[in-house]
Each structure stands twice: as C-alpha cells, then as structure tokens.
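This briefing goes through one protein model, topic by topic. Keep the sequence and the 3D view open while reading.

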Amino acid sequence: MGSPIVTIIVPVFNSATTINRCVSSVKRQTIKNWELLLVDNGSSDNSYELISEFAKEDDRIRALRELKSGVSSARNTALNFARGQYICFVDSDDEVENDYLEYLLKDPKTDLTVCGYFVDTETTDGKKINSQMFISEKLQWDKKVTNSLLIPVFEKGFMHLCCNKLFRRDIIENNHIRFQYYPVNEDYLFTLTFLQYANSVSILDKALYHWIRVEGNATGVKSIPDNLLDIYNSSHLQCRAFFNDDKIADRIAYFSYEMIIYKYYEAIEKGRISKQEAYNKLDEFTHNYLVKDAYKSYKPTSKGERLLYGLMKMGLYKTHYFISQKILK
C-alpha cells in the first residue's frame with residue numbers, strides 16, 4: 001500500500017458503544033486513499049479488542065495502544081506514526097459525512113481547511129433528538145491579506161475545535177507542533193500554534209462533521225483543572241500574537257472566559273464543586289489582567305445581557321449566578 005493522502009487520528013477511551021459508528025463513517029468516505037490510526041488510551045472496556053478487529057479487516061486501519069494519559073497524548077502518539085500528507089482528527093463518539101475528506105481536499109494547496117459542523121443531540125440509546133448546523137461564510141485567507149479577515153470565524157468558535165479541520169502534516173512536523181497536555185482547550189492551542197506557520201486557510205460553507213452529544217450528559221471534562229484560567233490565558237496571548245491586535249484578540253477571548261464561568265456553574269449544579277469553591281476560583285477572574293482586558297473589549301447589547309455582563313465585570317459572581325439561573329432557565 002502506498003502512502004495515504006490523509007491520516008485520520010481517533011483517540012479511543014472506553015468507546016466500545018460508539019467506535020463502530022465512528023469507524024464506519026470513515027470507511028464510507030468517497031476518498032479511499034486514507035489511513036486511520038485508532039489509539040486506545042487505557043480503556044477499561046473492550047475498546048482495544050474492537051479496534052484490533054477493525055485493523056485486521058482493513059489494512060488502512062492501525063490499532064495503537066498506550067497507558068491512560070489523556071487525549072493529547074493519544075493524538076501525539078498517532079502523529080508520530082502518521083504517514084499522510086494531511087492530518088485530520090475525529091473523536092471516537094462522533095462521525096463524519098461521507099464526503100468529509102473529499103470536500104476538505106478540494107484545494108490541496110491550502111495549509112489549513114476548516115468546515116462547518118452539526119451538533120447532534122441523542123438519547124442514551126442512540127435516538128436522534130435534534131441537530132443544529134453551524135457554518136461560516138466561505139472565504140480564503142493567505143498571508144498577503146490581513147489576518148482580520150478571519151475574525152468572524154474566530155468569534156463564531158470555528159477555530160476552537162480540531163475535528164473540523166484538515167492540517168498539512170509537513171507544517172506540523174517541520175515545526176514540531178504537538179498537543180499540550182491540558183484537559184481542556186488543547187485543540188484551540190494546537191490550531192493557534194499551527195496558524196503561526198500556515199500560509200493559507202480555506203473556510204468551507206458546508207457542515208461535514210457530526211459532534212454528537214447525549215441528552216443530559218455534561219460536555220467536556222468531569223472536573224475543572226486548577227490551572228484552568230492559565231490555560232485560557234495562554235490561548236488569549238497566542239490569539240493576540242496571531243492578530244497582532246490586542247483589542248481583536250481580547251474580544252474573541254471574552255466568549256471563552258464567559259463560557260468558563262458557566263462551566264463552573266454547571267459544575268455546581270452537578271455537585272462536582274461547592275459554590276464557595278467555585279466563587280473562590282472565579283474571584284481570580286476579577287484580578288486577572290487578561291480577563292479585565294477581555295471585559296473592556298466587549299459591548300453587550302440587550303438589557304439582560306448588560307446586567308449579567310456588569311455583574312461579571314464587577315466580580316459579583318454570587319449575584320450573577322443567582323440571576324443567570326433565573327434568566328437562562
């Protein structure tokens with residue numbers, strides 16, 4: 001078998017109930033010249049046995065195994081084995097459209113191609129409840145034009161994921177780009193690092209990736225890392241470096257900081273953290289200079305948004321939590 005044009009990387013952790021659907025969607029691709037690297041990351045179920053069977057059935061598939069050490073480690077391990085000209089990432093509980101690779105490869109000269117995605121909500125037994133589509137306007141960027149052309153794509157969150165993208169592997173390898181060992185935001189930091197070296201970006205106005213969420217299950221990690229603010233400060237600073245304009249980056253970062261606040265509130269609701277612990281951590285926001293700059297950059301519009309924004313900006317999180325629960329519910 002010759003070198004594949006694309007390497008698809010899938011981290012696998014206790015994914016026995018979802019991995020078949022994920023792999024099947026890859027095998028249905030209209031582009032056939034791919035390799036699929038499935039990296040078991042210390043599963044306690046029979047995930048490794050399943051992916052080993054997939055590898056026996058199709059020589060384009062390889063099953064790798066390592067000790068449990070997180071999604072970043074699994075992706076980095078796969079990058080060390082990748083042979084494709086391009087890299088894309090898929091999560092083991094998601095799936096892709098049949099023409100996912102075909103559209104991402106429309107312009108093979110582009111360093112980074114970004115597509116839209118669906119957020120599919122399902123019941124615990126796999127029945128689809130609803131599906132929301134998120135797409136951006138089609139555009140082409142290269143270093144001959146201003147980076148500000150990409151502002152809308154950043155503000156809508158399309159650059160914060162890694163699974164809706166196709167990366168040139170030579171840029172990754174030549175610049176030693178790897179995922180940082182963070183439990184959150186690692187994909188955004190990877191993309192921001194890649195953009196430092198990319199000469200061109202293509203944004204497709206087509207949704208090709210299915211981000212699947214189970215009704216009632218919280219998204220993201222089950223616990224909030226102590227260095228959460230540091231992690232998001234890091235991406236904030238990298239965003240400043242990319243745009244070379246603090247105000248633009250600050251406005252983009254505002255939405256991430258706001259999301260973190262609601263993640264703490266979600267953790268309170270799920271009983272994963274006490275209210276006092278959450279308020280103590282959020283108090284760091286009040287004194288963090290990057291968060292302050294992000295708040296200054298944003299201009300709320302509606303009356304309700306202005307109220308919540310003002311409470312956040314002043315660090316009145318107990319009041320903000322109480323009122324936000326009333327407004328958002």
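How many bridges join strand 6 to strand 7 (residues 128–134), and do these strands run parallel or antiparallel? Six bridges join strand 6 to strand 7, and the two strands run antiparallel. The model is predicted.

- Strand 6 covers residues 112–122, and eleven of its eleven residues are buried, so the strand is largely enclosed by the rest of the structure.
- Strand 6 and strand 7 form a hairpin with five residues between the strands. In this hairpin, Gly126 has a positive phi, near 90 degrees.
- Strand 10 (residues 200–214) runs parallel to strand 6, and ten bridges join the two. Here the bridge partner of Leu112 is Val201 in strand 10.
- Strand 9 (residues 165–168) pairs with strand 6 in the antiparallel sense, over three bridges. In this pairing, Leu112 stands opposite Phe167 of strand 9.

**A β-α-β unit**

- Strand 2, helix 2 (residues 47–57) and strand 3 together make a β-α-β unit, and this unit is right-handed.
- Strand 2 spans residues 34–41 and strand 3 spans residues 61–66; the two pair in the parallel sense over six bridges.
- Asp40 is found opposite Arg65, a residue of strand 3.

**Helix 8**

- Helix 8 (residues 228–243) has 16 residues, and from its first C-alpha to its last it reaches 23 Å. This is close to the 22 Å expected at 1.5 Å a residue.
- Is helix 8 largely enclosed or largely open? Twelve of its 16 residues are buried, so helix 8 is largely enclosed by the rest of the structure.
- Among the buried residues of helix 8 are Leu228, Leu229, Ile231, Phe242 and Phe243. The buried residues also include Asn233, Gln238 and Arg240.
- As background, an α-helix has 3.6 residues a turn, so residues three or four places apart point the same way.

- Helix 9 (residues 246–269) has 24 residues and reaches 35 Å from its first C-alpha to its last, close to the 34 Å expected at 1.5 Å a residue.
- Where is the kink in helix 9 centred? The kink is centred on Ala253 and is about 25 degrees.
- At the N-terminal end, helix 9 is capped by Asp245. A side-chain oxygen of Asp245 lies 3.1 Å from the backbone nitrogen of Lys247.
- Gly271 follows helix 9 and has a positive phi, near 75 degrees.

**Cysteines**

- How many disulfides does the structure hold? The structure holds zero disulfides.
- Cys115 is in no disulfide, and the nearest cysteine sulfur, that of Cys88, is 9.4 Å away. Cys115 is buried, with a relative accessible area of 1%.
- Cys162 is buried, with a relative accessible area of 1%.

- Asn244 sits in the loop between helix 8 and helix 9. Asn244 counts as exposed, because its relative accessibility is 71% and the cut-off for exposed is over 50%.
- Although Asn244 is not a glycine, its phi is positive, about 55 degrees.
- Asn244 and Asn147 are 97 residues apart along the chain, while their C-alpha atoms are separated by 8.6 Å.
- Asn14 belongs to the loop between strand 1 (6–12) and helix 1 (19–27). Asn14 also has a positive phi, of about 50 degrees, without being a glycine.
- At 33% relative accessibility, Asn14 counts as partly exposed.

**Pro152**

- Pro152 lies in helix 5 (residues 151–155). Its relative accessible area is 38%, so Pro152 is partly exposed.
- Pro152 and Thr286 are 134 residues apart in sequence, and their C-alpha atoms are 27 Å apart in space.

Note on methods
Residues numbered from 1 in each chain as written. Predicted model: local features only at pLDDT ≥ 70, side-chain atom pairs only at ≥ 80, totals over all residues. Heavy atoms only, no water. Pairing = 2+ DSSP bridges. Helix = DSSP H or I, 4+ residues; strand = E, 2+ residues; numbered from the N terminus. Right-handed = clockwise from strand over helix to strand, strands pointing away. Buried < 20%, exposed > 50% of the residue type's maximum accessible area, 1.4 Å probe, protein only. Disulfide = S-S within 2.5 Å. Expected span 1.5 Å × (residues − 1). Bend = angle between axes of the 7 residues up to and from the residue. Polar contact = N/O pair within 3.5 Å; in protein donor to acceptor, adjacent residues only side chain to side chain.
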